[in-house]
Amino acid sequence: MRADRPEAPLRKLMGPGPLDVHPRIYSALTSPVIGHLDPAYLKVLDRIGALLRPVFGTQNRVTHATPGTGTSGMEACVANLMEPGDRVLVCVHGYFGDRIRQMAQRQEAEVTLVETEWGRPTDATRVAEALKDGGYKVLTLVHAETSTGVLQPMDEIAELAKAHGTMILLDTVTSLGGIEVNVDEWGVDAGYSCSQKCIGAPSGLAPVTFSDRAVDVAANRKHPVRSWYLDISLLDQYWGPERVYHHTSSSTLNYALLEALLLMEEEGLQNRLARHLKNHEALVAGVEAMGLEMLVAPEHRLPTLNTVRIPEGVDDARVRGYLLETFGLEIGGGLGALKGQVWRVGLMGYSSSAENVLFFLSAMSRALADQGQVMDVEAGLEAAMLVLNA
Ligand SMILES: *Cc1c(COP(=O)(O)O)cnc(C)c1O
(Lines give C-alpha, C1' and ligand atoms only; values in the text may rest on other atoms or scores of the structure.)
Protein backbone atom coordinates (compact mmCIF):
# COMPACT_ATOMS: atom_id res chain seq x y z
CA MET A 1 0.00 0.00 0.00
CA ARG A 2 1.41 3.39 -0.96
CA ALA A 3 1.72 5.68 2.03
CA ASP A 4 0.38 8.64 0.04
CA ARG A 5 -2.90 6.97 -0.91
CA PRO A 6 -5.75 7.99 1.41
CA GLU A 7 -7.74 4.89 2.31
CA ALA A 8 -11.54 4.84 2.70
CA PRO A 9 -12.34 3.89 6.30
CA LEU A 10 -15.09 1.33 6.86
CA ARG A 11 -18.04 3.27 8.32
CA LYS A 12 -21.47 2.48 9.67
CA LEU A 13 -23.65 4.83 7.63
CA MET A 14 -26.84 5.98 9.39
CA GLY A 15 -27.24 9.51 8.10
CA PRO A 16 -29.39 10.95 5.31
CA GLY A 17 -27.38 9.05 2.70
CA PRO A 18 -25.33 7.38 1.42
CA LEU A 19 -26.20 4.31 3.48
CA ASP A 20 -24.43 0.98 3.93
CA VAL A 21 -24.01 -1.06 0.76
CA HIS A 22 -24.85 -4.78 0.59
CA PRO A 23 -21.87 -7.09 -0.19
CA ARG A 24 -23.60 -8.30 -3.36
CA ILE A 25 -23.69 -4.72 -4.64
CA TYR A 26 -19.96 -4.33 -3.94
CA SER A 27 -19.41 -7.46 -6.04
CA ALA A 28 -21.52 -6.02 -8.84
CA LEU A 29 -19.31 -2.91 -8.80
CA THR A 30 -16.40 -5.04 -9.97
CA SER A 31 -18.26 -6.18 -13.11
CA PRO A 32 -16.12 -5.65 -16.21
CA VAL A 33 -16.64 -2.24 -17.80
CA ILE A 34 -18.54 -2.71 -21.06
CA GLY A 35 -19.72 -0.39 -23.81
CA HIS A 36 -22.93 1.60 -23.49
CA LEU A 37 -24.26 0.09 -26.76
CA ASP A 38 -23.14 -3.51 -26.09
CA PRO A 39 -26.22 -5.75 -26.56
CA ALA A 40 -25.48 -7.38 -23.19
CA TYR A 41 -25.55 -3.95 -21.54
CA LEU A 42 -28.73 -2.81 -23.25
CA LYS A 43 -30.44 -5.80 -21.61
CA VAL A 44 -29.26 -4.51 -18.23
CA LEU A 45 -30.86 -1.14 -18.91
CA ASP A 46 -34.15 -2.76 -19.91
CA ARG A 47 -34.12 -4.90 -16.78
CA ILE A 48 -33.52 -1.83 -14.60
CA GLY A 49 -36.57 -0.15 -16.13
CA ALA A 50 -38.68 -3.26 -15.59
CA LEU A 51 -37.59 -3.60 -11.95
CA LEU A 52 -38.12 0.09 -11.19
CA ARG A 53 -41.73 0.21 -12.42
CA PRO A 54 -43.31 -1.74 -9.53
CA VAL A 55 -41.22 0.18 -6.99
CA PHE A 56 -42.51 3.48 -8.40
CA GLY A 57 -46.02 1.96 -8.66
CA THR A 58 -46.25 2.75 -12.37
CA GLN A 59 -46.67 1.33 -15.83
CA ASN A 60 -44.89 4.33 -17.37
CA ARG A 61 -42.84 3.26 -20.37
CA VAL A 62 -40.27 5.97 -19.64
CA THR A 63 -38.96 4.68 -16.32
CA HIS A 64 -35.21 4.70 -16.10
CA ALA A 65 -32.13 5.99 -14.31
CA THR A 66 -30.64 9.31 -15.36
CA PRO A 67 -26.89 9.78 -14.96
CA GLY A 68 -26.03 11.83 -11.88
CA THR A 69 -27.34 11.93 -8.31
CA GLY A 70 -30.85 12.65 -7.07
CA THR A 71 -30.43 16.32 -7.93
CA SER A 72 -29.98 15.37 -11.58
CA GLY A 73 -33.33 13.56 -11.44
CA MET A 74 -34.85 16.69 -9.91
CA GLU A 75 -33.34 18.85 -12.63
CA ALA A 76 -34.52 16.45 -15.36
CA CYS A 77 -38.11 16.66 -14.11
CA VAL A 78 -38.09 20.44 -13.64
CA ALA A 79 -36.26 21.26 -16.89
CA ASN A 80 -38.51 19.07 -19.03
CA LEU A 81 -41.86 20.13 -17.59
CA MET A 82 -41.26 23.85 -17.06
CA GLU A 83 -40.53 26.62 -19.53
CA PRO A 84 -40.41 30.40 -19.33
CA GLY A 85 -43.72 31.88 -18.23
CA ASP A 86 -45.29 28.59 -17.10
CA ARG A 87 -47.32 28.97 -13.92
CA VAL A 88 -46.20 26.43 -11.33
CA LEU A 89 -47.24 25.79 -7.73
CA VAL A 90 -44.24 24.86 -5.59
CA CYS A 91 -44.92 23.38 -2.15
CA VAL A 92 -42.04 23.95 0.25
CA HIS A 93 -41.89 22.40 3.71
CA GLY A 94 -38.16 21.83 3.88
CA TYR A 95 -34.77 22.16 2.23
CA PHE A 96 -35.47 20.03 -0.86
CA GLY A 97 -38.78 21.69 -1.71
CA ASP A 98 -36.82 24.91 -1.76
CA ARG A 99 -34.23 23.40 -4.11
CA ILE A 100 -37.09 22.64 -6.54
CA ARG A 101 -38.18 26.30 -6.21
CA GLN A 102 -34.68 27.47 -7.14
CA MET A 103 -34.62 25.22 -10.19
CA ALA A 104 -38.10 26.32 -11.30
CA GLN A 105 -37.00 29.96 -11.09
CA ARG A 106 -33.90 29.22 -13.14
CA GLN A 107 -36.24 27.86 -15.83
CA GLU A 108 -38.03 31.24 -15.60
CA ALA A 109 -41.30 29.60 -14.62
CA GLU A 110 -43.75 31.86 -12.80
CA VAL A 111 -43.57 30.37 -9.31
CA THR A 112 -46.30 30.53 -6.68
CA LEU A 113 -45.15 29.22 -3.30
CA VAL A 114 -47.12 27.31 -0.69
CA GLU A 115 -44.76 27.48 2.26
CA THR A 116 -45.14 25.43 5.43
CA GLU A 117 -43.20 25.56 8.65
CA TRP A 118 -40.39 22.95 8.69
CA GLY A 119 -41.44 19.79 10.56
CA ARG A 120 -44.96 19.64 9.12
CA PRO A 121 -46.29 18.45 5.74
CA THR A 122 -48.01 20.70 3.20
CA ASP A 123 -51.69 21.07 4.07
CA ALA A 124 -54.13 20.05 1.30
CA THR A 125 -56.55 22.89 2.13
CA ARG A 126 -53.82 25.44 1.35
CA VAL A 127 -53.12 23.70 -1.95
CA ALA A 128 -56.87 23.74 -2.74
CA GLU A 129 -56.96 27.47 -2.02
CA ALA A 130 -53.96 28.16 -4.26
CA LEU A 131 -55.23 25.98 -7.13
CA LYS A 132 -58.48 27.99 -7.23
CA ASP A 133 -56.61 30.66 -9.19
CA GLY A 134 -56.45 28.10 -11.98
CA GLY A 135 -54.00 27.78 -14.80
CA TYR A 136 -51.22 25.93 -13.02
CA LYS A 137 -49.28 23.65 -15.33
CA VAL A 138 -47.31 21.83 -12.61
CA LEU A 139 -47.52 21.30 -8.86
CA THR A 140 -44.31 20.21 -7.13
CA LEU A 141 -44.11 18.28 -3.88
CA VAL A 142 -41.57 16.37 -1.79
CA HIS A 143 -42.94 12.99 -0.66
CA ALA A 144 -40.26 12.36 1.96
CA GLU A 145 -38.58 15.57 3.15
CA THR A 146 -35.14 14.44 4.30
CA SER A 147 -34.35 17.76 5.95
CA THR A 148 -37.23 17.46 8.45
CA GLY A 149 -38.20 13.77 8.58
CA VAL A 150 -41.76 14.47 7.38
CA LEU A 151 -43.87 12.18 5.19
CA GLN A 152 -46.24 14.07 2.89
CA PRO A 153 -49.77 12.59 2.71
CA MET A 154 -50.57 12.30 -1.00
CA ASP A 155 -54.21 11.33 -1.56
CA GLU A 156 -55.98 14.67 -1.15
CA ILE A 157 -53.42 16.73 -3.03
CA ALA A 158 -53.36 14.14 -5.82
CA GLU A 159 -57.16 14.47 -6.17
CA LEU A 160 -56.94 18.25 -6.27
CA ALA A 161 -54.26 18.28 -8.97
CA LYS A 162 -56.25 15.80 -11.04
CA ALA A 163 -59.40 17.92 -10.74
CA HIS A 164 -57.50 20.99 -11.99
CA GLY A 165 -55.63 19.18 -14.77
CA THR A 166 -52.34 20.17 -13.11
CA MET A 167 -49.36 17.85 -13.50
CA ILE A 168 -47.62 16.58 -10.35
CA LEU A 169 -43.84 16.60 -10.08
CA LEU A 170 -42.86 14.46 -7.07
CA ASP A 171 -39.56 14.02 -5.21
CA THR A 172 -39.38 10.40 -3.99
CA VAL A 173 -35.68 10.48 -3.12
CA THR A 174 -36.06 9.29 0.48
CA SER A 175 -39.15 7.17 -0.08
CA LEU A 176 -38.53 5.01 -3.18
CA GLY A 177 -37.79 1.47 -2.01
CA GLY A 178 -38.50 2.24 1.68
CA ILE A 179 -42.01 3.71 1.69
CA GLU A 180 -44.91 2.95 -0.63
CA VAL A 181 -44.92 5.10 -3.78
CA ASN A 182 -47.97 5.02 -6.10
CA VAL A 183 -47.11 7.10 -9.13
CA ASP A 184 -50.03 5.93 -11.29
CA GLU A 185 -52.65 6.01 -8.53
CA TRP A 186 -51.64 9.54 -7.50
CA GLY A 187 -51.41 10.72 -11.09
CA VAL A 188 -47.77 11.77 -10.75
CA ASP A 189 -46.43 12.92 -14.13
CA ALA A 190 -42.76 13.15 -13.27
CA GLY A 191 -41.05 11.46 -10.33
CA TYR A 192 -37.43 11.01 -9.41
CA SER A 193 -35.22 9.39 -6.79
CA CYS A 194 -31.57 8.46 -6.30
CA SER A 195 -29.55 5.26 -6.10
CA GLN A 196 -28.00 5.82 -2.65
CA LYS A 197 -30.89 6.12 -0.23
CA CYS A 198 -33.54 3.39 0.26
CA ILE A 199 -32.34 1.59 -2.88
CA GLY A 200 -29.03 1.06 -1.11
CA ALA A 201 -26.51 1.38 -3.96
CA PRO A 202 -23.70 3.97 -4.26
CA SER A 203 -24.67 7.45 -5.47
CA GLY A 204 -24.43 8.36 -9.13
CA LEU A 205 -27.78 7.43 -10.68
CA ALA A 206 -31.25 8.93 -10.41
CA PRO A 207 -34.24 6.73 -11.19
CA VAL A 208 -36.94 8.77 -12.95
CA THR A 209 -40.38 8.08 -14.33
CA PHE A 210 -42.38 10.20 -16.81
CA SER A 211 -46.04 9.69 -17.71
CA ASP A 212 -47.03 9.64 -21.38
CA ARG A 213 -48.55 13.09 -20.84
CA ALA A 214 -45.25 14.40 -19.46
CA VAL A 215 -43.28 12.90 -22.35
CA ASP A 216 -45.70 14.60 -24.72
CA VAL A 217 -45.45 17.94 -22.96
CA ALA A 218 -41.65 17.74 -23.05
CA ALA A 219 -41.66 16.90 -26.76
CA ASN A 220 -44.04 19.73 -27.72
CA ARG A 221 -42.64 22.78 -25.93
CA LYS A 222 -42.42 26.33 -27.24
CA HIS A 223 -38.74 26.45 -26.25
CA PRO A 224 -36.33 23.52 -26.41
CA VAL A 225 -35.49 21.97 -23.02
CA ARG A 226 -32.72 24.16 -21.59
CA SER A 227 -30.62 21.19 -20.51
CA TRP A 228 -29.36 19.19 -23.47
CA TYR A 229 -28.02 16.44 -21.20
CA LEU A 230 -31.30 15.93 -19.34
CA ASP A 231 -33.71 16.41 -22.26
CA ILE A 232 -36.01 13.43 -21.79
CA SER A 233 -36.76 13.17 -25.53
CA LEU A 234 -33.04 12.75 -26.26
CA LEU A 235 -32.47 10.41 -23.31
CA ASP A 236 -35.39 8.32 -24.48
CA GLN A 237 -33.76 7.84 -27.89
CA TYR A 238 -31.04 5.94 -26.03
CA TRP A 239 -33.21 4.17 -23.45
CA GLY A 240 -35.97 3.35 -25.92
CA PRO A 241 -35.88 1.11 -28.99
CA GLU A 242 -33.82 3.53 -31.12
CA ARG A 243 -30.63 3.06 -29.07
CA VAL A 244 -28.95 6.23 -30.28
CA TYR A 245 -25.77 7.25 -28.49
CA HIS A 246 -26.54 10.02 -26.01
CA HIS A 247 -23.88 9.75 -23.27
CA THR A 248 -21.44 7.07 -22.10
CA SER A 249 -23.73 5.38 -19.60
CA SER A 250 -21.75 4.02 -16.61
CA SER A 251 -21.96 0.24 -16.77
CA THR A 252 -20.30 0.07 -13.34
CA LEU A 253 -23.05 2.05 -11.64
CA ASN A 254 -25.85 0.42 -13.60
CA TYR A 255 -24.69 -3.10 -12.70
CA ALA A 256 -24.71 -1.99 -9.06
CA LEU A 257 -28.20 -0.51 -9.41
CA LEU A 258 -29.43 -3.69 -11.07
CA GLU A 259 -28.09 -5.78 -8.18
CA ALA A 260 -29.80 -3.48 -5.67
CA LEU A 261 -33.11 -3.84 -7.51
CA LEU A 262 -32.71 -7.62 -7.70
CA LEU A 263 -32.12 -7.71 -3.92
CA MET A 264 -35.30 -5.69 -3.52
CA GLU A 265 -37.26 -8.07 -5.73
CA GLU A 266 -35.95 -11.09 -3.79
CA GLU A 267 -36.92 -9.55 -0.46
CA GLY A 268 -40.34 -8.58 -1.81
CA LEU A 269 -41.38 -4.93 -1.88
CA GLN A 270 -44.05 -5.31 0.83
CA ASN A 271 -41.62 -7.12 3.16
CA ARG A 272 -39.08 -4.42 2.56
CA LEU A 273 -41.51 -1.62 3.38
CA ALA A 274 -42.58 -3.50 6.53
CA ARG A 275 -38.93 -3.88 7.58
CA HIS A 276 -38.35 -0.13 7.21
CA LEU A 277 -41.45 0.62 9.29
CA LYS A 278 -40.61 -1.82 12.08
CA ASN A 279 -37.01 -0.66 12.51
CA HIS A 280 -38.20 2.95 12.55
CA GLU A 281 -40.77 2.17 15.25
CA ALA A 282 -38.09 0.40 17.30
CA LEU A 283 -35.74 3.36 16.97
CA VAL A 284 -38.41 5.84 18.03
CA ALA A 285 -39.43 3.68 21.00
CA GLY A 286 -35.79 3.46 22.06
CA VAL A 287 -35.02 7.14 21.57
CA GLU A 288 -38.07 8.20 23.58
CA ALA A 289 -37.58 5.66 26.38
CA MET A 290 -33.98 6.82 26.66
CA GLY A 291 -35.15 10.38 27.31
CA LEU A 292 -34.76 12.03 23.88
CA GLU A 293 -37.50 13.61 21.74
CA MET A 294 -38.51 13.33 18.10
CA LEU A 295 -39.08 16.53 16.07
CA VAL A 296 -42.09 15.34 14.04
CA ALA A 297 -45.59 14.43 15.29
CA PRO A 298 -46.16 10.62 15.21
CA GLU A 299 -48.64 10.70 12.30
CA HIS A 300 -46.20 12.53 9.99
CA ARG A 301 -42.93 10.69 10.66
CA LEU A 302 -40.84 9.17 7.90
CA PRO A 303 -39.93 5.51 8.48
CA THR A 304 -36.67 6.09 6.62
CA LEU A 305 -35.26 9.25 8.20
CA ASN A 306 -35.64 10.06 11.89
CA THR A 307 -35.16 13.59 13.20
CA VAL A 308 -34.18 13.53 16.87
CA ARG A 309 -34.11 16.80 18.82
CA ILE A 310 -30.71 17.75 20.22
CA PRO A 311 -31.10 18.21 23.99
CA GLU A 312 -30.41 21.63 25.53
CA GLY A 313 -26.75 22.20 26.30
CA VAL A 314 -25.41 19.44 24.05
CA ASP A 315 -22.69 20.27 21.51
CA ASP A 316 -24.00 18.90 18.20
CA ALA A 317 -20.68 18.81 16.31
CA ARG A 318 -18.92 17.17 19.26
CA VAL A 319 -21.53 14.38 19.45
CA ARG A 320 -21.24 13.61 15.73
CA GLY A 321 -17.47 13.80 15.90
CA TYR A 322 -17.43 11.41 18.86
CA LEU A 323 -19.69 8.91 17.09
CA LEU A 324 -17.53 8.98 13.98
CA GLU A 325 -14.18 8.74 15.76
CA THR A 326 -15.14 6.29 18.49
CA PHE A 327 -17.55 4.01 16.65
CA GLY A 328 -17.11 4.82 12.94
CA LEU A 329 -20.81 5.77 13.02
CA GLU A 330 -22.07 8.52 10.73
CA ILE A 331 -25.36 10.30 11.42
CA GLY A 332 -26.53 13.58 9.88
CA GLY A 333 -26.76 17.03 11.40
CA GLY A 334 -29.61 19.48 10.80
CA LEU A 335 -29.94 21.24 7.43
CA GLY A 336 -30.92 24.85 6.87
CA ALA A 337 -33.47 26.07 9.42
CA LEU A 338 -32.89 22.96 11.58
CA LYS A 339 -29.09 23.27 11.77
CA GLY A 340 -27.97 22.61 15.34
CA GLN A 341 -31.48 21.55 16.40
CA VAL A 342 -31.79 17.95 15.22
CA TRP A 343 -29.83 14.87 14.33
CA ARG A 344 -30.92 12.97 11.23
CA VAL A 345 -30.75 9.22 11.64
CA GLY A 346 -31.26 7.22 8.47
CA LEU A 347 -32.71 3.71 8.47
CA MET A 348 -32.72 3.01 4.74
CA GLY A 349 -31.97 0.02 2.56
CA TYR A 350 -29.28 -2.27 3.98
CA SER A 351 -28.83 0.17 6.91
CA SER A 352 -32.40 -0.42 8.11
CA SER A 353 -31.68 -3.29 10.51
CA ALA A 354 -32.39 -4.29 14.10
CA GLU A 355 -28.68 -4.36 14.89
CA ASN A 356 -28.26 -0.78 13.65
CA VAL A 357 -31.14 0.42 15.83
CA LEU A 358 -29.53 -1.10 18.94
CA PHE A 359 -26.07 0.08 17.92
CA PHE A 360 -27.30 3.65 17.43
CA LEU A 361 -29.02 3.76 20.84
CA SER A 362 -25.94 2.46 22.64
CA ALA A 363 -23.48 4.64 20.74
CA MET A 364 -25.59 7.78 21.21
CA SER A 365 -25.87 7.16 24.96
CA ARG A 366 -22.05 7.01 25.15
CA ALA A 367 -21.68 10.20 23.07
CA LEU A 368 -24.09 12.03 25.40
CA ALA A 369 -22.42 10.60 28.53
CA ASP A 370 -19.19 12.08 27.17
CA GLN A 371 -20.85 15.48 27.67
CA GLY A 372 -22.24 14.63 31.11
CA GLN A 373 -25.79 13.88 29.86
CA VAL A 374 -26.92 10.61 31.36
CA MET A 375 -29.59 8.77 29.35
CA ASP A 376 -31.52 5.70 30.44
CA VAL A 377 -29.96 3.47 27.79
CA GLU A 378 -31.26 0.27 29.41
CA ALA A 379 -34.85 1.51 29.09
CA GLY A 380 -34.12 2.53 25.50
CA LEU A 381 -32.78 -0.87 24.48
CA GLU A 382 -35.63 -2.61 26.27
CA ALA A 383 -38.27 -0.49 24.48
CA ALA A 384 -36.62 -1.06 21.10
CA MET A 385 -36.40 -4.84 21.70
CA LEU A 386 -40.11 -4.94 22.57
CA VAL A 387 -40.93 -3.53 19.13
CA LEU A 388 -38.38 -5.71 17.34
CA ASN A 389 -39.71 -8.89 18.98
CA ALA A 390 -43.37 -8.04 18.39
C1 LIG B 1 -30.84 13.57 -1.02
C2 LIG B 1 -32.01 14.29 -1.55
C3 LIG B 1 -31.98 14.96 -2.78
C4 LIG B 1 -30.73 15.18 -3.56
O5 LIG B 1 -30.10 14.03 -3.92
P6 LIG B 1 -28.52 13.99 -4.24
O7 LIG B 1 -28.30 12.56 -4.53
O8 LIG B 1 -27.83 14.48 -3.01
O9 LIG B 1 -28.29 14.87 -5.41
C10 LIG B 1 -33.17 15.50 -3.25
N11 LIG B 1 -34.32 15.40 -2.56
C12 LIG B 1 -34.38 14.78 -1.37
C13 LIG B 1 -35.67 14.71 -0.65
C14 LIG B 1 -33.22 14.22 -0.83
O15 LIG B 1 -33.28 13.61 0.36
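In the predicted model, a nitrogen atom of the ligand lies 2.7 Å from an N or O atom in the side chain of Asp 171. On its own, the ligand has 380 Å² of accessible area, of which the protein covers 89%.

The residues surrounding the ligand include Asp 171, Thr 71 and Gln 196, together with Thr 69, Gly 70, Met 74, Phe 96, Ala 144, Thr 146, Val 173, Thr 174 and Lys 197. Classified by residue type, this shell comprises 6 polar, 4 nonpolar and 2 charged residues. The greatest contribution to the shell comes from helix α3, which spans residues 70-81 and supplies 3 residues.

Turning to the hydrophobic packing, the largest nonpolar core consists of 77 residues. Within this core, the residues with the most contacts are Met 82, Leu 89, Val 127, Leu 139, Leu 169, Tyr 192 and Phe 210. The surroundings of Leu 169 illustrate this packing: when residues up to four places away in sequence are not counted, Leu 169 touches Cys 77, Val 78, Met 82, Val 138, Leu 139, Thr 140, Leu 141, Ala 190 and Tyr 192.

Terms used: Residues are numbered from 1 along each chain as its sequence is written. This is a predicted model: local features need pLDDT of at least 70, side-chain atom pairs count only at pLDDT 80 or more; totals for chains, interfaces and linings use all residues. Side-chain values use heavy atoms; hydrogens and water are left out. A residue is near a molecule or strand if one of its heavy atoms lies within 4 Å of it. A polar contact is a pair of N or O atoms within 3.5 Å; within protein, one must be able to donate a hydrogen and the other to accept it, and residues adjacent in sequence count only if both atoms are side-chain atoms. Accessible areas come from the Shrake-Rupley method with a 1.4 Å probe; for residues, only the protein chains shown count as cover. Helices (H or I, at least four residues) and strands (E, at least two) are DSSP runs, numbered from the N terminus. Ala, Val, Leu, Ile, Met, Phe, Trp, Tyr, Cys and Pro count as nonpolar, Asp, Glu, Lys and Arg as charged, and the others, Gly among them, as polar. A nonpolar core is a set of buried Ala, Val, Leu, Ile, Met, Phe, Trp, Tyr and Cys residues joined through side-chain atoms within 4.5 Å. Buried means under 20% relative accessible area, exposed over 50%, partly exposed in between (1.4 Å probe, protein chains only). Contact means heavy atoms within 4.5 Å.
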